[in-house]
Structure formats: structure tokens, C-alpha cells
Amino acid sequence: MITTEKKEFWFVVGSQHLYGEEALAEVKAHAQTMTDALNESGALPYPLVLQDLAVSAGKITSIMKEVNYRDEVVGVITWMHTFSPAKMWIRGTKLLQKPLLHLATQFNESIPWSTFDMDFMNLNQSAHGDREYGFINARLKKQNKVVVGYWERPEVQQQIADWMDVAVAYNESFDIKVARFGDNMRNVAVTEGDKVEAQIQFGWTVDYFGIGDLVQYVDAVTDEEINDLFAEYADLYEFEYSNYSQEDWEKSVKVQASYEIAINRFLNDGGYTAFTSNFEDLYGMKQLPGLAVQRLMAQGYGFAGEGDWKTAALNRLLKVMSHNKSTGFMEDYTYELATGQESILQSHMLEVDPSLASNKPKIVVSPLGIGNREDAARLVFDGKAGDGVVVSMVDFGTYYKLLINEVSAFEPPVPAPNLPVARVLWKVKPNFQDGVKAWVENGGGHHTVVSLNLTTDQIITYAKLVDLEYVVIN
Ligand code: MN
């Protein structure tokens, strides 16, 4: 469901003809050595492909046009090996429509004082070149990333890797298509938003479908398909029958299996990568999709409940950014207010993402107090521990705003035998009072996407690329 294997980044090394062909041959050799080492390091999630040296405005412009044209090229990393006069970079940089990272590094780690001469200094003058090049990016308001440090260092490579993941997600943003089964939940405010503006600013396509369009797909699923999928469930999850007979329990779970197959097929047929449901809009459905939605989120589809297409699209975006690791749709439910233990219980009616599970999920069938449908099957588990970010996209009428709160998730200390849904617990930063206050004062939603795999810096990098106002709470 998340297919990024064919993506690549182009590596463009800046220099000029001033120092002669011999110097340029050395620049080229160094660039090749660096490219090979970075690719072989295993630190980068996507390959780096070295381009011709950037020694003229014509060469730079043609490279950037090619980057724009090729779908497999996600972004550009530049390195100023020598001084590369930045007037040459203006046209190409202005044309570039994909993310740009300026790697402020140098081929040699240290200055070799005993042999250091004018030739060496002319050949290795990244400090000089970084400033000339940085000036033009700043003047063009390019919103490029700058990573500083010796290129062999793991922390420098990690910053490049993190940016690559953001760049892939940025490109994916323009391909995010949300299928909405039903409209928003009645009367709820924060899940509304301007769909046209979201498409202009983020590239998200948001399409409405009547629930009957999905019911047709559900009706077309065969018993054989359902039984095959049910066998897969038996391998992956614990079965908990509780008060149900095995027959009734299986019947209920198989309804969800038919939903999983039907929704997956519907989304594939339409090229959708995210979807929403609404418990108020289930005409023709026996259950609210629960287990089915959880399984599809685990495969990489974005989702949010109650017609919340903004959070569904954001979920898909962050799943791509995080390689679908420990990242999912979430809802703030209940406070723990005991002194020293202040935290927030996160859950949803059914649809909690199993990519956040710390233990083997069990399938539970239980009544649902809302929606007036049959008892629904869902995966129940405890959330894992880890530091991460919780993100909410809100529409303020004239602009979109992104809230980012750093959180520390922890495994629930005591069991909750009567809770028939998955639960995730976290403490907010900088502390409970200030964190919650800032969230509420800034109008952050109750629907969020949490990731224990992404950093605040990565979310900010994306926000800057799409000119999105953001608030960081940490
Ligand atoms: Mn909700």
C-alpha cells in the first residue's frame, strides 16, 4: 500500500571553471566517492544519484527542469565543493518545484596544515561556497533544508534521511485521494474544512460517496474470500469469544472481513489512498467498520472517523513519511489527573491503528453504544511506549493551521478488563498543564495523527514546503 521503492534523489555538486579542468576532475572524483559512500552507508532510505557538475547556469537549469519532469526524482541535494557563483543558480532554483536540501559539508574533515597550500584551499572551499549559495536560496525564499556537518557522521546522515522521508511525503501529498463514505458527523465543528483550499495548498483530492456505493462492493464479496481472510486473522490475532457463542462471534468477525475486502477493492478501483466513515451514515451496513478499518490502516491507508477527511489525509501523509511505522489516527478521550501521573488516554470508538500496538492484538466483539447497529468486531491492544509527535490540522476559515505537540507515550500500567477498545496513553510536553492549555488555546482538534517515529523537525519541514502556519508545543 505504501510504494516508494522506485524513488531517488539527485545529488548536484557546485563548482565553476575558474580553477581549471584538473581541479574539476578532482571535484568530480570526490563527489563520486561521497555519493558511493552515502549510498553504501545504509543510512539513507532512498538512493542518491550523482549528476554532472554544476558549473554553468545552463547546466543547472537543465538539471532542475529534468527533476521537475521525472516522477521518480523526489528532490535535490546540493553540495558546494568549491565556490560556485550563485547568479548561475537563480534560474534553475526558481524553476525547481521539488524539495531542496543544501548539504553544508566538505570532502576533507580536517585542514591538513603540514601540506596545506593555495591549490588545496581553492579546491576545498565549501565554507566560502556555502555562503554564496545560501544567500541566493534565502533571497529566493526557497524554504530549503540546510544540513551542516561532516558527511561521514551518522548524525549528519540521519538528518539527510529524515529530510528524504519528508520529501517523499511532500510529493505523495499531491497524490493523496480521500474517499468519504458519508459526510461529516452532524454538529461537529473541528472536522469541517475547505476542500478546494486543501487541494490548492496540499494537493489533496477529497471525494464524497454515498454509503450505498460501498454496500454494493460488500454484497459482491464471496464467502470464499471471507473465509480466506478469516484464516489470516487466526494467524495474526488472539480470538476472545467472551459471552458470545463461537458461531455468533465468527459471524460478527466475518462481517468485518467482508468490509475489509470491499473497502480495499473500492479504494483500489478509484485510486484512493485514504478514507473516512461516519457512524451516523451506515444505511445498509450491519456494523460500523472497525476491525476492517484497523486492518486497512495497518496496510498504510489514511483514515479518520466521522467524515474527518483532513485527518484522514494527514494520516496518509505521515504514514508515507514514517514508512508506516508506529503512526496512526487518534482521538483524545479521558484525562488522568492524579498528581505526578497527569496524562491523556487516547482511543476511538473502534478504529485504533494496530501499528501502535505493544502486544498481540485480540479480536473482540462488543456492543457499540452509538450508531444503532449490530455488535461490532475490533482489535483490542495496548499502545507502545516511545517519544513522538501528535499533529492536528485545523481550518480557521481563512487559513489552515497545524498543531504539533511532542508527547511521551507509555504502556498502560494496569489492565482495563472492561474496556473493549484499544488504548494508548501519553504525557504531553512540556508538562500537562502548559501542553494541554496551549493545545486548547490554539484550537487543536480532538482528532489527531500520532507518530512515535517522526520528529517535530520533520513536520515543520513539511509545513514550510506547503506554506502552512504551524504551532509547536514542547
Ligand atoms: Mn472521533
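1. A charge is taken to sit over a ring if NZ of Lys or CZ of Arg is within 6 Å of the ring centre and within 35 degrees of the ring normal. The charged end of lysine 310 is placed in this way over the ring of tryptophan 309, 5.8 Å from its centre. Lysine 254 does likewise with phenylalanine 230, its charged end lying 5.0 Å from the centre of that ring.

2. On the basis of the note: the model is predicted, so local features need pLDDT of at least 70 and side-chain atom pairs count only at pLDDT 80 or more, while totals for chains, interfaces and linings use all residues. Residues are numbered from 1 along each chain as its sequence is written, and side-chain values use heavy atoms, with hydrogens and water left out.

3. Glutamate 331 is in strand E11 (residues 327-336), and histidine 348 is in the loop between strand E12 (343-347) and strand E13 (362-366), 17 residues apart. Helices (H or I, at least four residues) and strands (E, at least two) are DSSP runs, numbered from the N terminus. Both glutamate 331 and histidine 348 are buried, where buried means under 20% relative accessible area, exposed over 50%, and partly exposed in between (1.4 Å probe, protein chains only).

4. The largest pocket has a volume of about 410 Å³. Its lining comprises 20 residues, of which Lys251, Val255, Lys286, Gln287 and Glu374 are the closest to its centre. Two or more lining residues come from each of helix H8 (211-220), helix H9 (223-236) and helix H10 (246-270), and H10 gives the largest share, 7 residues. The search runs on a 1 Å grid over the protein atoms alone: a cavity is a set of points where a 1.4 Å probe fits but cannot get out, a pocket is an open set with protein on both sides within 12 Å along at least five of seven lines, and lining residues have an atom within 4 Å of a point. Grid points are joined across faces, edges and corners, and a volume is the space filled by probe spheres set on the points.

5. Rings of Phe, Tyr and Trp (its six-membered ring) pair if their centres lie within 6.5 Å; planes under 30 degrees apart count as stacked, over 60 as edge-to-face and the rest as tilted. The count by this rule is 25 aromatic pairs. Tyrosine 217 and phenylalanine 266 have ring centres 5.0 Å apart and planes at 65°, so this pair is edge-to-face. Because tyrosine 217 lies in helix H8 and phenylalanine 266 in helix H10, the pair ties together parts that are 49 residues apart in sequence. Tyrosine 217 is partly exposed, at 25% relative accessible area, whereas phenylalanine 266 is buried, at 7%. The rings of phenylalanine 239 and tryptophan 249, with centres 4.7 Å apart and planes at 45°, form a tilted pair. Phenylalanine 239 is partly exposed at 24% relative accessibility, and tryptophan 249 is buried at 0%. Ring pairs also link a cluster that includes Phe181, Tyr217, Phe266 and Phe329.

6. Is helix H14 (residues 456-465) largely enclosed or open? It is largely enclosed by the rest of the structure, because 7 of its 10 residues are buried. Among them are Thr456, Ile459 and Tyr462. Aspartate 467, which follows H14, has a positive phi near 55°.

7. The peptide bond from lysine 429 to proline 430 is cis, with omega near 0°; proline 430 lies in the loop between strand E17 (424-428) and helix H13 (432-441). Lysine 141, a residue other than glycine, has a positive phi near 50° and is exposed, at 68% relative accessible area. Asparagine 187 likewise has a positive phi, of about 75°, and is exposed, at 84%.
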